[in-house]
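User: Hi! Could you walk me through this one? I'd like to start with the packing inside.

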Amino acid sequence: MPTSRSKAARTAPPPDPGDAFTLTVLGCDGSWPGPGGAGSGYLVRIGETALVLDAGPGTFATLQTLMDPADVDAVVITHHHHDHWTDLFAMHAQAQFGARARRAPLPVYAPPLVAELAGPKQTLQFEWHEITHGTRAGVGEASCAFHRTDHEEETLAVRVDGAGRALGYSADSGPGWSVEDLGFGLDLLLCEATDTSEHEGTANHLSARQAGAAAKAAGARRLVLTHRWPTVDAGAVAAEAESAFGGPVEQATIGREFHL
Ligand SMILES: [Zn+2]
C-alpha cells in the first residue's frame, strides 16, 4: 500500500521550470545591518537541494520562515568579515538544541580563517570544508566553483550551476577583480554595489557603477544589486548601475525571491 506521502508525490503537478532554481534574499545590508535589516545571506534552492550562501547577522531568522534549517544541505561562507558569517553561531545553537535534530553535521564550506574565528566549539554540529581559489564542490544538485576576489584576506566569489542555470555571486570585492572570472553564461549575477561612484577608491568595495560595468563585461543576463550600505540611497545606486549595465537592474531586499 502506498503511503499518503507517496500518493501526494505521484499526483503533484510537474514542477514549473521557473521554480527549478531560485534565489531568496535572507539579508543584504553591506558591512552592518541597517534598521530592520540583516547582513549578507541568500538561500539557493535547486530542485531538492538547499544551499545557504553567507550567514550574516540576522539572516538565520528569515531562513527559518522559509524552511526547516535541518533540511539545509550546506552553507557556503565567502569570507571572514562578520557581516557574512556570524549567524553560524545561531545555526550551530539551533542544530544542537532545536526541536528537530539534524541527521548529520551540517557541511560548511569556508576559507580557513572562518573556522579559526568560529572556534573549536563550533565543530559539534558542523562539518568544515576548507575552500580556496579554484575549489570546486558539489552539493546535491548544485555545483559550486570558487574564485578569489580583490578583498581583504581570502574572499571567494562563487558560481553556482544547476538545473541548466547559472548564478554568480560576487561576495565582496574591490575593482581589482573581474566578474568575468566566474565565466560567461550567468543567468543572474548577484553583485555587491556598496556605494555610489563618487566614493570609489575610499573602500575596498564595488560602486554601483562598477557593478553595472562588471555585469555587462561578463555578459550576465540579469543583475541584482546587493550589499548596499544602509546609509546609501537605493535610487542613486540603481540609476548608476543601470546606466553602466545598459539595462534594468534589480535590488536585493529581505525575502525577495528570484527565479532563474
Ligand atoms: Zn561585507
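Predicted model: local features only at pLDDT ≥ 70, side-chain atom pairs only at ≥ 80, totals over all residues.

User: Nice. Which residues have the most contacts inside the largest nonpolar core?

Analyst: Those are Leu23, Leu51, Leu53, Val160 and Leu167, in a core of 29 residues. There is also a second, separate core of 24 residues, and Ala157, Ala208, Ala220 and Val232 are among its members.

User: Switching to helix 2, which residues are buried there?

Analyst: Helix 2 spans residues 59-66, and Thr59, Phe60, Thr62 and Leu63 are buried in it. Viewed down the helix axis, they fall within an arc of 160°, so they line one face.

User: And what covers them?

Analyst: The cover includes strand 1 (21-27), strand 2 (41-46), strand 3 (49-55) and helix 3.

User: Now the metal. What are the protein donors of the zinc ion?

Analyst: Asp83 (OD), His84 (NE2), Asp172 (OD) and His227 (NE2), at 2.1 to 2.2 Å from the zinc ion. The angles among the 4 donor atoms run from 87 to 173°, and the site is irregular.

User: Where in the chain do Asp83 and His227 sit?

Analyst: They link distant parts of the chain, 144 residues apart. Asp83 is in the loop between strand 4 (74-76) and helix 3 (88-97), while His227 is in the loop between strand 12 (223-226) and helix 6 (234-245).

User: Is Asp83 buried or exposed?

Analyst: Asp83 counts as buried, at 4% relative accessibility. His227 counts as buried too, at 1%.

Notes
Residues numbered from 1 in each chain as written. Heavy atoms only, no water. Donors = N, O, S within 2.8 Å, 3.2 Å for Na, K, Ca; no water. Tetrahedral: all angles 85-135°; square planar, octahedral: opposite > 155°, others 65-115°. Helix = DSSP H or I, 4+ residues; strand = E, 2+ residues; numbered from the N terminus. Buried < 20%, exposed > 50% of the residue type's maximum accessible area, 1.4 Å probe, protein only. Arc of directions from axis to C-beta. Contact = heavy atoms within 4.5 Å. Core = buried A, V, L, I, M, F, W, Y, C linked by side-chain atoms within 4.5 Å.
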